[in-house]
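This report looks at how two chains meet and at a few side-chain pairs inside one of them. The sequence and the structure come next.

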Amino acid sequence: MEAESRRQGRFWTTAALITAAPLLISLCRAMWTAPYPISETVGLMELAGVMPDPNPAPHDGVDPVLRNIFSPTARSWYRPFFHLTWYVLWHATGSLSATLLLFRVLEVASVASLILLLLWWLRPKSFMDYAAATVAVAVLLGTPGLRENLEIPMLMTLVAMPMVMIVWMLLERPHVPWHSAVIVLLTLIAIGYKEQGLVLFPVIVAAWWTRAPGASRVATATVAVLVLAYLAFRFSTTGAWQPFEQDVGLGFGGLSAGDASSRFGAFPYWMYLYNASSTVGNILFSEPTWGVFRILRDIRDAKVATWQINELASSAMLTALVIWWSVRTWKREAGTPWSVETRLVVATVSAIASSGALGFNYSRDRMGGMAVVFLAIAAYFAVRAAGERIALHTSPVRTTAAALCLMILAGAWQIRAMGTIDSVRLRAVKVHRNWIAGLQQRRVDYDGHTQYLRILNGMAQQGFEPVAASLYPDWAQTILGGEP
Amino acid sequence: MMANASAAATQLSSAPSSRDLMVPLLVTAPAVLVACLLVVLEVNRVMEERLRPPMDISSFAGALRSGDYEQAFEYLRDTGSDANNPIPFRDSELTGNREVLVTPLLIAVATRVDNTVRVLMGAGVEIDAPGNRFALCLANQLGDTTIAGIIAHDGGPAAKTVTCPAASPSPQAPLLAFVE
């Protein structure tokens with residue numbers, strides 16, 4: 001019986017992997033051939049000391065580049081491990097092309113491992129499990145939270161997404177001391193890459209509170225101490241922060257950082273609440289985007305595109321389904337020990353709420369990156385529960401109607417997953433055009449900036465390489481919504 | 001025993017009926033469809049890339065004429081051609097249907113596609129090379145301040161030394177006035 005169950009598990013897991021493979025391979029291929037953009041990349045590499053002056057000025061022992069990378073006051077954001085990755089790759093290889101290659105490997109491996117880890121943890125054991133797993137993969141790939149994090153080379157959150165998956169897997173496993181060490185280490189690394197790594201803290205606390213087998217008191221306390229120390233460190237070095245560090249969206253429009261500071265600077269907290277709510281809204285409803293209610297505005301102006309309707313409707317349907325499953329699970333298991341599902345409800349709420357809180361200063365789709373991992377897992381359980389419930393209906397008409405609704409939901413998310421891959425391709429085309437048509441202007445504009453020009457000219461070849469354009473005709477692109 | 005998602009599954013005790021199968025079948029259908037579609041599209045793309053014939057000089061001239069700057073760039077990249085070399089070019093509007101040897105930059109200026117000019121400037125065009133010397137003059141004569149600005153900016157100091165001939169482009173064949 002157990003052997004049969006294992007065999008079934010292997011079969012359906014393999015089937016899920018095979019079904020997800022074309023999406024995953026297509027995405028990885030698109031990311032692999034996408035050129036690094038001029039803006040952002042050259043500046044980031046310059047900051048990380050790539051291709052420095054061959055005759056640097058003497059210093060007191062600590063490389064000034066490293067000092068700058070770890071300085072909490074140099075920038076309003078603090079992502080030392082991201083800059084350190086460039087620094088280490090450059091110093092380890094001494095070659096610009098090798099640095100770019102290894103960085104790309106890290107980027108592609110992050111997204112590939114995220115999907116594989118998700119399927120590994122879900123390990124479907126039945127046809128319905130398998131069906132729900134295909135939806136979970138599509139949800140993960142189709143959310144704005146992942147899509148915006150696929151922008152090369154901005155891997156700060158993308159690299160942390162498989163980490164949150166690993167941490168969740170370890171929290172759900174029986175406690176082993178080295179698991180705790182891994183949980184603490186991954187939390188530190190994720191935070192070091194970007195502030196969004198802090199989402200792991202409430203997730204770990206929630207897991208400990210709900211008695212997850214792998215959430216030891218020591219690991220939770222260690223993470224809590226480290227996070228509090230990190231927050232104290234950051235808040236003690238905030239120095240010259242403006243009330244708003246980036247442009248913010250508001251309603252159907254937006255405000256520059258300066259305008260927002262002058263308008264709301266005296267009491268920015270309502271605006272902070274709006275920004276946080278916007279990030280939560282984007283995770284759950286794909287609206288607003290960057291704080292702007294673009295889909296509603298386009299509906300009002302009768303300019304709405306098919307993909308916008310699909311995003312809003314599929315997100316709303318999924319959120320409703322996840323809420324139904326959460327309430328049902330909560331009620332069903334009231335008074336019983338915490339289960340995988342009830343813990344997941346708490347972790348999902350914690351991750352979404354903390355992602356929103358971290359977006360208090362300005363809302364961006366990418367800030368939902370950590371939370372969408374939990375949304376995808378929750379989608380798996382919700383679809384599976386709905387499928388099992390539908391199968392129990394006595395009326396064939398109701399069964400068929402409900403099953404068709406689930407199919408429409410699954411189809412809508414598959415379209416979104418395709419749109420995500422297309423967005424990577426379309427962005428790559430834009431970046432390629434920028435390289436071939438904008439290079440000379442940059443060269444002239446940055447005349448005299450020797451390090452910048454060394455990096456720029458060294459990267460030009462990868463910007464010139466052919467890129468994989470969209471696979472779809474224009475009419476299909478209006479449904480997929482891949483335009484970045 | 002390792003906890004995983006399936007450990008929380010509600011076990012259905014009965015053998016699967018057609019209704020049990022219908023729901024997962026319908027939910028899976030879009031995923032399978034998308035997987036198959038992607039395989040077909042990706043394979044098709046790879047085949048297209050392999051079977052695409054290499055560009056020749058006439059398609060390069062055609063790309064310059066139509067303002068397809070990506071294709072023009074592709075030609076320069078794939079053939080390693082010097083962007084300063086004149087190419088044979090004939091067009092009813094720009095040369096009065098006469099075939100002339102003209103540099104890509106002059107064609108780009110005459111067609112007034114700023115991105116083509118940018119591509120050529122980035123591809124190593126020397127603004128003081130014989131066939132290119134009057135590109136800025138042509139842009140000014142055509143009143144295209146954007147393109148004139150690009151040449152003046154991207155051309156560097158050489159762009160400031162250009163002396164224009166006393167030629168005024170004919171509306172029938174504007175390019176001919178500046179072909180050397």
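## Salt bridges within chain A

Asp298(A) counts as buried, because its relative accessibility is 11% and the cut-off for buried is under 20%. Its salt-bridge partner is Arg297(A), with N and O 3.8 Å apart. Arg297(A) has a relative accessibility of 23%, so Arg297(A) counts as partly exposed. The model is a predicted one.

A search of the whole structure finds 22 salt bridges over all chains.

| Residue | Partner | N to O distance |
|---|---|---|
| Asp298(A) | Arg297(A) | 3.8 Å |
| Arg79(A) | Glu195(A) | 3.3 Å |
| Glu311(A) | Arg147(A) | 3.8 Å |

Take Arg79(A) and Glu195(A), whose side chains meet in a salt bridge. Arg79(A) sits in the loop between helix H3 (64-70) and helix H4 (80-93) of chain A. Glu195(A) sits in the loop between helix H9 (177-193) and helix H10 (200-209) of chain A. The two parts are 116 residues apart in sequence, so the pair ties them together. Both Arg79(A) and Glu195(A) are buried.

Glu311(A) and Arg147(A) also meet in a salt bridge. This pair links distant parts of the chain, 164 residues apart. Glu311(A) belongs to helix H15 (residues 306-332) of chain A, and Arg147(A) to helix H7 (residues 144-147) of chain A. Glu311(A) and Arg147(A) are both buried.

## A buried threonine

Where does Thr279(A) lie? Its place is in helix H13 (residues 269-285) of chain A. The relative accessible area of Thr279(A) is 1%, so the residue is buried. Its side chain makes a polar contact of 3.0 Å with the side chain of Ser363(A). Neighbours within four places in sequence aside, Thr279(A) is in contact with Ser355(A), Gly356(A), Gly359(A), Ser363(A), Arg364(A), Met367(A) and Gly368(A).

## The interface of chains A and B

The size of an interface is often given as the accessible area lost when the parts come together. Between chain B and chain A, the buried area is about 4600 Å². Carbon and sulfur atoms give 65% of this area. Arg19(B), Val27(B) and Arg45(B) supply 13% of the area that chain B buries against chain A, more than any other three residues. In terms of contacts, 44 residues of chain B touch 64 residues of chain A.

How many residue pairs are in polar contact across the interface of chain B and chain A? The rule finds nine, counting pairs with both residues at pLDDT 80 or more. Four helices of chain B each give two or more residues to the side that touches chain A: H1 (18-51), H3 (69-79), H5 (114-122) and H7 (145-154). H1(B) gives the most, with 23 residues. By type, the residues on this side of chain B divide into 28 nonpolar, seven polar and nine charged.

The rule also finds four salt bridges across the interface of chain B and chain A. One joins Glu42(B) to Arg29(A), with the closest N and O atoms 2.8 Å apart. Arg29(A) and Glu42(B) are also part of a network of salt bridges, in which they are linked with Arg425(A) and Glu49(B).

Technical notes:
Residues numbered from 1 in each chain as written. Chains lettered and ligands numbered in written order. Predicted model: local features only at pLDDT ≥ 70, side-chain atom pairs only at ≥ 80, totals over all residues. Heavy atoms only, no water. Contact = heavy atoms within 4.5 Å. Buried area = accessible area lost by both parts, 1.4 Å probe. Polar contact = N/O pair within 3.5 Å; in protein donor to acceptor, adjacent residues only side chain to side chain. Nonpolar A, V, L, I, M, F, W, Y, C, P; charged D, E, K, R; others polar. Buried < 20%, exposed > 50% of the residue type's maximum accessible area, 1.4 Å probe, protein only.
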